[in-house]
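Subject: Structure handover and notes

Dear colleague,

Please find the structure below, as promised, followed by my notes on what turned up in it. I would be glad if you could read them with the model open beside you.

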Amino acid sequence: MTRVKRGYTARRRRKKIRLFASTFIGAHSRLTRTTTQQRMRALVSSHRDRSRKKRDFRRLWITRINAVTRKERVFYSYSKLIHNLYKRQLLLNRKILAQIALSNKNCFDMIFNKIINQK
């Protein structure tokens with residue numbers, strides 16, 4: 001029987017996992033089994049949080065638009081604003097609306113007046 005020299009494939013696999021986990025703290029970056037577990041956990045978290053990030057930004061934009069909308073107009077809210085935007089077919093997404101509301105107040109007021117005056 002011929003001699004089998006082992007270790008190259010396994011070493012290459014472990015090295016790849018170690019490189020991924022090199023910034024982890026303590027045994028999570030040194031021990032192979034813990035490193036593998038932490039790598040799996042990190043990948044699961046990153047996958048989950050990619051969709052959560054989209055959700056969080058949407059919530060932030062909605063909150064900003066609502067705050068600016070309610071600031072000077074007493075009986076007006078975010079939901080009425082979005083409803084009237086769709087009714088008037090002004091296609092502005094929430095991200096752009098939030099940026100306009102924060103940076104350019106006059107432009108937001110012009111959009112708002114356009115919605116109100118077309119009733």
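To begin with an acidic residue, D49 counts as partly exposed because its relative accessibility is 32%, where buried means under 20% relative accessible area, exposed means over 50%, and partly exposed covers what lies in between, with a 1.4 Å probe and protein chains only. Before going further, please note that this is a predicted model, in which local features need pLDDT of at least 70 and side-chain atom pairs count only at pLDDT 80 or more, while totals for chains, interfaces and linings use all residues. Residues are numbered from 1 along each chain as its sequence is written, and side-chain values use heavy atoms, with hydrogens and water left out.

Salt bridges

D49 meets R48 through their side chains in a salt bridge, at 3.2 Å from N to O, the term being used for a side-chain nitrogen of Lys or Arg within 4 Å of a carboxyl oxygen of Asp or Glu. R48 is likewise partly exposed, with 39% relative accessibility. By this rule there are two salt bridges, and K105 and D109 form one of them, with 3.7 Å from N to O between their side chains. Both K105 and D109 belong to helix α5, which spans residues 105–117, and they sit four residues apart there, about one turn of the helix; helices here are DSSP runs of H or I with at least four residues, numbered from the N terminus. K105 is partly exposed, at 26% relative accessibility.

Aromatic pairs

A search of the whole structure gives three aromatic pairs, where rings of Phe, Tyr and Trp (its six-membered ring) pair if their centres lie within 6.5 Å, and planes under 30 degrees apart count as stacked, over 60 as edge-to-face and the rest as tilted. One of the pairs is F20 with F24, an edge-to-face arrangement with 6.2 Å centre to centre and 90° between the planes. F20 is partly exposed at a relative accessible area of 38%, and F24 is partly exposed at 23%. Another pair, F57 with W61, is tilted, because the planes stand at 35° while the ring centres are 5.9 Å apart. F57 and W61 are four residues apart in helix α2 (residues 32–72), so about one helical turn separates them. F57 is partly exposed, with 42% relative accessibility, and W61 is partly exposed too, with a relative accessible area of 21%.

On the surface, R6, R13, R14 and R18 gather in a patch of positive charge; patches are made of residues with over 30% relative accessible area and no salt bridge, like charges being joined within 9 Å. Of these arginines, R13 lies in helix α1, residues 8–20, and is partly exposed at 48% relative accessibility.

R59 is placed in helix α2 and is exposed, with a relative accessible area of 60%. The C-alpha atoms of R59 and S77 are separated by 15 Å, the two residues being 18 apart along the chain.

Lastly, Q89 may deserve a look at its backbone. Most residues other than glycine have a negative phi, whereas Q89, although not a glycine, has a positive phi of about 60°. Q89 is found in the loop between α3 (78–87) and α4 (94–103), and it is exposed, with a relative accessible area of 66%.

How values were computed: Patches are made of residues with over 30% relative accessible area and no salt bridge: like charges are joined within 9 Å, nonpolar side chains (Val, Leu, Ile, Met, Phe, Trp, Tyr) within 5 Å. Accessible areas come from the Shrake-Rupley method with a 1.4 Å probe; for residues, only the protein chains shown count as cover. Lys and Arg count as positive and Asp and Glu as negative; His and the chain ends are not counted. The place of a charge is taken as NZ of Lys, CZ of Arg, CG of Asp or CD of Glu. Helices (H or I, at least four residues) and strands (E, at least two) are DSSP runs, numbered from the N terminus.
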